[in-house]
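The sequence and structure come first.

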Amino acid sequence: MSNTMNSPRNSATSSATSSATNSATNSPMNSPMNDTNPVEERIAFIGLGHMGGPMAMNLAKAGYAVTAFDVSAAALERASQAGVMAAPSAAAAVEGATVVISMLPASRHVEALYLGEGGLLSHLAAGTLVIDCSTIAPASAQRVSLAAETRGIAMLDAPVSGGTAGAAAGTLTFIVGGEAQALERARPVLGAMGKNVFHMGGAGAGQVAKLCNNMALGVIMAVTGEALALGVSHGLDPQALSAMMAVSTGRSWATEVCNPWPGVKPEAPASRGYAGGFGNDLMLKDLGLAVEAALQVGAAVPLGELARNLYALNSRAGRGRLDFSSVQQLVAGDGGPLG
Ligand code: NAD
């Protein structure tokens, strides 16, 4: 297995560009797989939070033997009631595993899990497949991937899109970096948790692509909130304004689905006090990673930087754990919809 680890520009960005031109790179999960019986893979799952919990449960539902670990006893208990075997440590969970999946908060958790003396890589047999689904820095993903490669272990970075609803429904999108051969082996496993897979290039490319998506999302959500606040300040009805924008050139997921103005979309977090959804602090983390990735290659991301500051202010205003669309309150000022 070769794992190109040149500069991030070479290993992630340019390979993402070349593979994006290949029509096979976005393929439904149920395309023909390799000839190993997928359910024969024994899976270790580390990190059973909002996303990892339902993902592990969907694997168990699909017939996989899943052994899992989380530092939270409550999370472990919930998963074990849904057919997942609970292990007392990460090292115990990976004993005999052929595939290891991790879904942890941030880069430092992932590096601590795999690297170093007691790290999981030193417990895994050559030939094990590691799939990290956390959203982390591309450089971190590349570090872990390189360390894995030197031990004969293939690693994919496979951050997801689709949120907690997608994790529960098994309809996630996986945005993958790593070797094509490792991805072919992973497809049936990913298929038990999601609907689509995009292969973006070599190690770290999945993370780069995920950060690009979330940077655009963060900016679009903030400016949608700004536009709604402007209209309402002029006496417009936010519902009518959103309905017009949703079929005009200002349309987006923020106007049509996760509308940030309370009451416009009954199913949106805004209509339940911004509870649930994708946390402001997770968006803040992703924008920080996007800015960091931009610094690495000298890219200019002026709107991404500005958005990172807006979500930081929103967090400092006490809305860090609310859905990120609560940035609406910030951009509307004291006259915000819930103000
Ligand atoms: P979470 O905080 O709910 O879950 C993380 C879990 O990891 C927790 O249960 C925690 O106890 C566990 N954990 C932490 N350190 C551990 C360790 N060393 N060993 C074992 N378990 C450990 O987070 P989440 O919402 O599930 O998100 C996970 C990742 O997915 C993040 O990187 C996030 O950015 C990304 N993501 C989240 C969403 C979302 O909507 N929540 C959507 C897409 C991507």
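Helices (H or I, at least four residues) and strands (E, at least two) are DSSP runs, numbered from the N terminus. This is a predicted model: local features need pLDDT of at least 70, side-chain atom pairs count only at pLDDT 80 or more, and totals for chains, interfaces and linings use all residues. Residue numbers start from 1 along each chain as its sequence is written.

**Loop residue**
- Gly 63 sits in the loop between H2 and strand S3 (65-69).
- Gly 63 counts as exposed because it has 11 C-beta neighbours inside 10 Å (buried means 20 or more other C-beta atoms within 10 Å, exposed 12 or fewer, partly exposed in between, with C-beta atoms placed from the backbone).
- In sequence Gly 63 and Ala 192 are 129 residues apart, and in space 9.3 Å, C-alpha to C-alpha.

**Helix pair**
- H2 (residues 52-61) packs with H3 (residues 73-80) at an angle of about 25 degrees, the axes being 10 Å apart (axes are lines fitted to C-alpha atoms, for helices over the stretch in contact, and angles run from 0 to 180 degrees between N-to-C directions).
- The two helices H2 and H3 are therefore roughly parallel (under 35 degrees; over 145 is roughly antiparallel, 65 to 115 roughly perpendicular and the rest oblique).
- Gly 53, Ala 56 and Met 57 of H2 meet Ala 75, Arg 78 and Ala 79 of H3 (contact means C-beta atoms, placed from the backbone, within 7 Å).

**Ligand shell**
- The ligand is surrounded by 25 residues, and the closest are Gly 47, Gly 49, His 50, Met 51 and Thr 135 (near means a C-beta atom, placed from the backbone, within 6 Å).
- Helix H5 (107-114) and helix H7 (163-169) are the elements that give two or more residues to this shell.

Technical notes
Two residues are in contact if their C-beta atoms, placed from the backbone, lie within 7 Å.
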